[in-house]
Amino acid sequence: MAFLSNVDPKKLRVYGLVGSVVGIYLGAILNSAMDTNVFSFIGAIAAIFAVIMGANAVRRVCAYGIGTGVPSIGMLALGMGIIAVMFGLSMAETLGSVLLGPIIILIYAGVFGYIIGVIANKVIKFNIPVMEEGNSDLSMAGAMALLGWSFAISGTLGYADILNDVLMTGYIAIIFIAGGLAILHPFNANLGPDEKQDRTLVNAVMCAGIAMITTGIAAFMTQGLAAGLLQLVIGFVIWFYFFKMYYRLVKRDASAVVGTGLLPPTVQ
Amino acid sequence: MNFDVNTIVYILEILIGGLLVGIGVHFVPVGGAPAAMAQAAGIGTGTVQLAAGSGLTGLLAAGLMMSVTDNLWLILASGAVGAGIMMGSTMLTGSWIYAYAVGAPFASAKVNYDPITGFSQPPYVAPGTVGQGIPTICFVSGLIGGMMGGLGGAMIYYPLYLINGNAALSAMFAIGIFLVNAVIASWNIQGTIEGFHDPKFKKWPFAFKACAIASILLAIASVMITGGA
């Protein structure tokens with residue numbers, strides 16, 4: 001199976017950025033052009049591209065061992081991401097064009113992540129060669145994933161709408177943790193000497209499917225039955241398909257899969 | 001946005017808040033996975049979880065106080081006490097498990113005598129481990145760290161709320177700033193620390209510099225956002 005195995009990180013970054021930006025724009029333009037909200041699910045699909053890029057950045061940086069556990073870097077990615085998202089959307093609103101938002105978010109996230117990487121290497125003295133670009137990737141991935149899911153819940157890229165539908169309702173907490181799960185969990189679950197890129201990234205897509213199910217449930221409340229149900233069904237299909245694929249890969253990489261049976265009867 | 005002297009004050013408040021979070025992490029006895037197996041002193045989880053826990057409790061306490069008063073000192077005190085209570089209760093219930101379920105005597109491997117109680121430590125450190133449980137010195141250090149984290153969280157939340165007037169937005173932004181500073185500080189201590197008596201505590205100037213740079217950048221972004229329609 002050649003899906004996602006041994007992909008060059010540069011290529012994966014291009015896929016991630018282009019996929020997420022194009023997806024979010026496509027969803028936003030289709031939604032406003034057709035005056036509907038059934039295309040909101042494209043935002044959650046766009047987030048999958050960002051998640052793949054982020055999970056790959058986590059496995060590159062954490063392969064060096066950062067001493068604080070993989071979750072810390074995932075939370076950092078989401079922390080940088082949420083600030084970039086709110087900053088970019090607010091700036092786009094101030095400048096008067098909603099469609100500028102994703103570009104401003106991407107630029108701020110990339111630059112800020114790079115600076116955090118430089119700080120980690122020069123001030124904290126990590127000396128991890130891929131730290132700068134890894135953190136830059138992570139920051140952009142966290143921001144685009146959060147933006148994609150926020151769009152999936154609210155249906156527009158307008159700052160006020162996202163504030164009202166995603167932040168004030170508290171759904172941001174769900175996508176924050178579901179997003180953290182999708183970006184940090186794959187490497188945390190698969191790390192070790194036999195870690196393989198395809199197994200880790202398939203796990204990431206699977207977690208992004210779970211995140212899509214949760215955004216579908218949230219979209220029920222904010223956008224109504226059609227948009228919510230569509231996301232829920234597509235998310236479930238993605239999760240189910242990639243769960244089966246992940247299980248196949250686990251069986252491929254495991255030395256043996258055996259049943260342990262029930263506990264033996266008590267012996268005196 | 002209008003750029004005036006207030007904006008500079010807000011930036012400084014967010015900067016100080018970020019630094020308090022970064023330094024506060026160094027006080028918290030983070031034991032990580034070894035402590036979860038009672039093979040190292042401290043609380044058995046990672047820095048980010050502890051810092052986020054105390055910081056979020058501090059945010060909630062500060063936000064609650066902010067809904068009744070706009071006195072800065074009361075809000076800061078409420079945030080610090082809230083986070084201190086969260087950290088204290090975590091350490092207390094954790095101690096019960098170490099004492100009554102694991103059955104380990106509390107001892108620190110980093111000092112020969114507990115600086116607060118004066119008790120001898122080395123005889124109680126099990127061979128092959130670096131201390132167990134949460135000794136008095138770690139508990140006191142953890143309380144200080146938790147209160148600093150809560151103070152920092154409240155210090156970030158207060159100016160953000162004044163800028164944009166939106167509680168949910170301010171809270172999410174404060175969480176973002178909080179997580180960035182906590183992760184940078186936890187990288188500096190490489191995952192585990194016992195408290196202010198630990199030799200690793202002397203590395204705090206690195207975290208101070210790193211958190212200062214990161215907080216300034218975040219503060220500039222956060223004074224530019226608006227609260228929406």
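**Entry 1: the elements of chain A.** I began at the N terminus of chain A, where the elements run α-α-α-α-α-α-α-α-α. My count for chain A is nine helices and zero strands. Here helices (H or I, at least four residues) and strands (E, at least two) are DSSP runs, numbered from the N terminus.

I noted the conventions before going on. The model is predicted, and local features need pLDDT of at least 70, side-chain atom pairs count only at pLDDT 80 or more, and totals for chains, interfaces and linings use all residues. Residues are numbered from 1 along each chain as its sequence is written, while chains are lettered from A and ligands numbered from 1 in the order in which they are written.

**Entry 2: the dimensions of chain A.** I looked up the radius of gyration, which is taken over C-alpha atoms; the globule rule is 2.2 Å times the number of residues to the power 0.38.

I then asked what share of the 268 residues in chain A is buried. The share is 56%. A residue is buried if 20 or more other C-beta atoms lie within 10 Å of its own, exposed if 12 or fewer, and partly exposed in between, with C-beta atoms placed from the backbone.

For contacts, I used the rule that two residues are in contact if their C-beta atoms, placed from the backbone, lie within 7 Å. Of the contacts in chain A with a separation of 6 or more, 73% are between residues 24 or more positions apart.

**Entry 3: helix pairs in chain A.** Two packed helices are described by the angle between their axes and the distance between the axes. Axes are lines fitted to C-alpha atoms, for helices over the stretch in contact, and angles run from 0 to 180 degrees between N-to-C directions.

I took helix H2 (residues 41-62) of chain A and helix H8 (residues 197-223) of chain A; their axes come within 9 Å and cross at roughly 140 degrees. That makes H2(A) oblique to H8(A). By the rule, angles under 35 degrees count as roughly parallel, over 145 as roughly antiparallel, 65 to 115 as roughly perpendicular and the rest as oblique.

The crossing of H2(A) and H8(A) is right-handed. A crossing is left-handed if the near helix is turned anticlockwise from the far one by less than a right angle, and right-handed if clockwise.

I found Ala44(A), Val51(A) and Arg59(A) among the residues of H2(A) in this contact, and Leu201(A) and Met212(A) among those of H8(A). By class, the contact of H2(A) with H8(A) holds 11 nonpolar, three polar and one charged residues. Ala, Val, Leu, Ile, Met, Phe, Trp, Tyr, Cys and Pro count as nonpolar, Asp, Glu, Lys and Arg as charged, and the others, Gly among them, as polar.

The contact of H4(A) with H5(A) has 14 nonpolar, eight polar and one charged residues. H4(A) passes H5(A) in a right-handed crossing.

**Entry 4: where the chains meet.** I recorded 32 residues of chain A in contact with 31 residues of chain B. Which helix gives the most to the side of chain A that touches chain B? It is H3(A), with 13 residues. This side divides into 25 nonpolar, seven polar and no charged residues.

**Entry 5: chain B.** I counted seven helices and two strands in chain B, in the pattern α-α-α-α-β-β-α-α-α. The radius of gyration of chain B is 18 Å, close to the 17 Å that the globule rule gives for 229 residues, so chain B is as compact as a globular protein of that length.

Lastly I examined Ala109(B), in the loop between strand S1 (107-108) and strand S2 (131-132) of chain B. Ala109(B) is partly exposed, with 19 other C-beta atoms within 10 Å. The C-alpha atoms of Ala109(B) and Ala41(B) are separated by 7.7 Å, although the two are 68 residues apart along the chain.
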